[in-house]
Amino acid sequence: KLTFCTVGILLRRLQGDRYLKGVTHVLLDEVHERSLDSDFALALLRDVPDRRRRMNLPPLKLVLMSATIDSDLFSRYLDNAPVVTAPGRTFPVSTVFLENIHELLEYVLDPENRACRRPRGFADEAKSAMRAGGGGNDRRRNA
């Protein structure tokens, strides 16, 4: 049986079943995206495997996943738990501000389009800007 749940649901389950009887594995994905709930869940789960062992219950495996985690920090927090890594690569990320997106996409809204709303007095400015080099023949038009 496999159950997918949010950290909040896991916390609720831990409230009623401190040892998660019947559960064999708990996978926490994106643990680098820390929140109050995820930190609290990790604090509660930290000792569960050892307590289950002492009570002769089946073992519980905790699996923490993240592409950007400080694995040594989490390993030490979990009593030097083993770390498994998978080779991969990162991709470059560029920041684009909303104010610049039209220019970046070379998108020009036809000033005659009904969707183009302008404050009064700016219609002529918009038309002259379009004539002055708003992309020429290569510009994209909104149909």
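Which residues does S38 touch, not counting residues up to four places away in sequence? Before I come to that, a word on what we are looking at: this is a predicted model, in which local features need a pLDDT of at least 70 and side-chain atom pairs count only at pLDDT 80 or more, while totals for chains, interfaces and linings use all residues. Residues are numbered from 1 along each chain as its sequence is written, and side-chain values use heavy atoms, with hydrogens and water left out.

S38 touches V7 and E33, where contact means heavy atoms within 4.5 Å. S38 is found in helix α2, and with a relative accessible area of 17% it is buried; buried means under 20% relative accessible area, exposed over 50%, and partly exposed in between, with a 1.4 Å probe and protein chains only.

Let me step back to the whole chain. The protein chain has six helices and two strands, and read along the sequence they follow the pattern α-β-α-α-β-α-α-α; helices (H or I, at least four residues) and strands (E, at least two) are DSSP runs, numbered from the N terminus. Of the 143 residues, 20% count as buried, and among contacts with a separation of 6 or more, 63% are between residues 24 or more positions apart. The chain exposes about 12100 Å², of which carbon and sulfur atoms supply 53%, the areas coming from the Shrake-Rupley method with a 1.4 Å probe, where for residues only the protein chains shown count as cover.

As for confidence, the chain averages a pLDDT of 82, and 79% of the residues score at least 70; pLDDT is the predictor's confidence in each residue, from 0 to 100. Over residues 135-143 the pLDDT is below 50, and this stretch has 13 contacts in the model beyond near neighbours in sequence.

Now back to helix α2, residues 36-45, whose buried residues are S38, A41, L42 and L45. These four lie on the same side of α2, because they cover an arc of only 100° around the axis, the arc being that of the directions from the helix axis to the C-beta atoms. The buried residues of α2 pack against α1 (7-16), β1 (25-29), α3 (48-54), β2 (61-65) and α4 (71-77).

Helix α1 can be described in a similar way. Its buried residues are L10, L11 and L14, and they too cover an arc of only 100° around the axis, which puts them on the same side of α1. On the other side of α1, I9, R12, Q15 and G16 are exposed, whereas the buried residues of α1 pack against β1 and α2.

Next, the loop between β1 and α2, where H32 lies. H32 is partly exposed, with a relative accessible area of 31%, and it touches S66 and T68, not counting residues up to four places away in sequence. H32 and S66 are 34 residues apart in sequence, and their C-alpha atoms are 6.3 Å apart in space.

Finally, the surface. V96, L104, L105 and Y107 make a nonpolar surface patch of about 350 Å²; patches are made of residues with over 30% relative accessible area and no salt bridge, with like charges joined within 9 Å and nonpolar side chains (Val, Leu, Ile, Met, Phe, Trp, Tyr) within 5 Å, and a salt bridge is a side-chain nitrogen of Lys or Arg within 4 Å of a carboxyl oxygen of Asp or Glu. L105 lies in helix α5, residues 101-105, and at 43% relative accessibility it counts as partly exposed.
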